[in-house]
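Please view the model first.

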Amino acid sequence: MSVYIILFLFGALIFGMPVAYVLGVASLLLMFQLGDTSLFPLIPMRFFNSINLFPLMAMPLFILAGEIMNRAGITSRVIDFSTRLVGHLRGGLAHANILASILFAGLTGSAVADSAALGSMLIPGMARKGYDKNFAAAVTAASSCIGPVIPPSIVMVIYGAFMQVSIAGLFAAGIVPGLIMGITLMTFSHRISVKRSYPKEERRATLPELFTDFKKAFLSLMMPIIILVGILGGIFTPTEAAAVAVLYALIIGFFVYRNITLRDLYTMLCSMTRSSGIAFIVLSTAGIFIWLLTTEQVPQQIAEFVLSVTQNKYLVLLIINLILLFVGCFMDSIPALIILGPVFTPLATQIGVHPLHFGTIMCLNLTIGLATPPLGACLFTCCAVGKVNLEGVTKEIIPFIAALIIAVLFVTYIPAISLTIPRLLGLL
Amino acid sequence: MKINPDQYPGPVVFLDRTASFIERISLFVSVLFGGSMVVIVIAGVIARYAMQNPFAWTEEASRFLMIWMVLIGMSVVTRNREDLCVEFLVMRFSTKLQRIIKIANEIMVMLFLFILTKEGFHMAVNAKMQVAPSLGITMFYPLFCIPAGGLLTMIQLGLQILIDLFMWNSRVSPHRIMDLD
């Protein structure tokens, strides 16, 4: 394995070669360089086998379920309910935004979907109440990052299927870290709101009011509970749970809220095909590349190199976190996860980090990249739906990125945060 | 934002419409595979829990449908450049340089797709005698998605390269999405 291939990888990425194909082309070059064209038949074989995995199917299914729930109009119900709960605090709508993201996290599993759904309603709404529009977009983008950490999570499905870690275990491990992200974000947004004296609702909601809104949101809030109880209780596999989620969303959309048409269903299937298509092609081409890396023992060499520099577990984790954060700024979370997962996991195992713990760290850290400039999918989405420009939001999002990084450090250095629930459920 | 077709050379309009026609059909086929996958997985769950009588074939069938969905979808994603390019650096270059880099990238991807398609075809043909364990069909059918999807993507990419070549002297950035319909 030569330095040239690594240089090619970075060069091709920066010069705009589609991420989905970069690893495929790099594998081809590596084969040419090894002078071994007899490896060519491996290309379609690895391409096929990397996605011929039943657990991966949870991804398109969760995307579809989230799309249907969104279209069925749960967004406003969830927002109303969270505003009733925390609206009376200073900066109430900012808190409601974060809380809605936490509730939404259990419905969609994709951060960009959360940004689009919540942002299109909350950013204009917050601006009307006197919040800075850039601040509103920043809160939405940052809190959407909770989506992929709290189950169900597409990123975790991919990590689990690709790295052969229990997906149910990862889901269980993500719950508390997701809540911690919510808490750190709320703390920071509270401080800012007090400093700028952002508005709050005049009074605390009464119990009957709260109950009415809870009833309206009840059917949507049941979905994450069904998924979680089903998976964590060992009743369903994650893929089956995702199928049940689709069925549940279909029933709600067609028969309870009755606002979904067959034409909508086609559009939603299209977007399922597209978004899972991209991720799966990255998985396939990465499958070829990773196979080559592993036969050349590159991950082991990287592990040995890092361990020759330092044996300190905390320092190694810090280095990994910094690299992940940096890569996350420039790359989408799923490709970054697919490329770096196999490279770092042997290293983490050698310093004695539990695979579930490490998986949670990776998913959480790379998710932050979705909210960071210059390339953050959630940031872009919030700019688009909130009609604000990137520069203004960039300034406002810095404290929230800091909040998320604090959450990452908590999760990294206190293993109990991620491992307690899996241990209690016997998933360790 | 719609761009006036008059700004483009005639062949570009034709090539772009051809590409978008192929795209619509492949998207429909891909959705067909995806939709059947969803129905089959749900049927599998219902059979297992509600009827206490699991179907043996649903897992394998839905898996194969998923792979077909992805491979046919690959051409759609490639045509729309949804495949996650990092463009913030190249966008700063002159349009000429942007175009040269883009064509170079496309040719390299084309080479990869060619090998994938060619070797994939051999793999599918060689697997004619293998039988999928629970469906009992020959492995040719699931494996054939690789040459089929690969070829479709090569066609889309080829059209894209042709468009870029015809636009050689244009001052419009090649990274701008065209909307000629």
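The text below covers the interface and then the patch.

This is a predicted model, in which local features need pLDDT of at least 70 and side-chain atom pairs count only at pLDDT 80 or more, while totals for chains, interfaces and linings use all residues. Residues are numbered from 1 along each chain as its sequence is written, chains are lettered from A in the order in which they are written, and side-chain values use heavy atoms, without hydrogens and water.

| Item | Value |
|---|---|
| Residues in contact (heavy atoms within 4.5 Å) | 55 of chain B, 55 of chain A |
| Buried area (accessible area, 1.4 Å probe, lost on being put together, summed over both) | about 5000 Å² |
| Salt bridges (Lys or Arg side-chain nitrogen within 4 Å of an Asp or Glu carboxyl oxygen) | 2 |

Of the buried area, 82% lies on carbon and sulfur atoms. A salt bridge joins the side chains of Glu240(A) and Arg48(B), at 2.6 Å from N to O. On the side of chain B that touches chain A, α1(B) gives the largest share, 15 residues.

Chain A also carries a nonpolar surface patch of about 450 Å², made by Leu315(A), Leu318(A), Ile319(A), Leu322(A), Ile323(A) and Leu409(A). Such patches join nonpolar side chains within 5 Å, from residues with over 30% relative accessible area and no salt bridge. Helix α15 of chain A (residues 313-330; a DSSP run of H or I, at least four residues) supplies the largest share, 5 residues. Leu322(A) is in this helix, and Leu322(A) counts as exposed (over 50%) because its relative accessibility is 52%.

Note on methods:
Patch = residues over 30% accessible without salt bridge, like charges linked within 9 Å, V, L, I, M, F, W, Y side chains within 5 Å. Areas by Shrake-Rupley, 256 points an atom, 1.4 Å probe, with all protein chains shown as cover. Helix = DSSP H or I, 4+ residues; strand = E, 2+ residues; numbered from the N terminus. Buried < 20%, exposed > 50% of the residue type's maximum accessible area, 1.4 Å probe, protein only. Buried area = accessible area lost by both parts, 1.4 Å probe.
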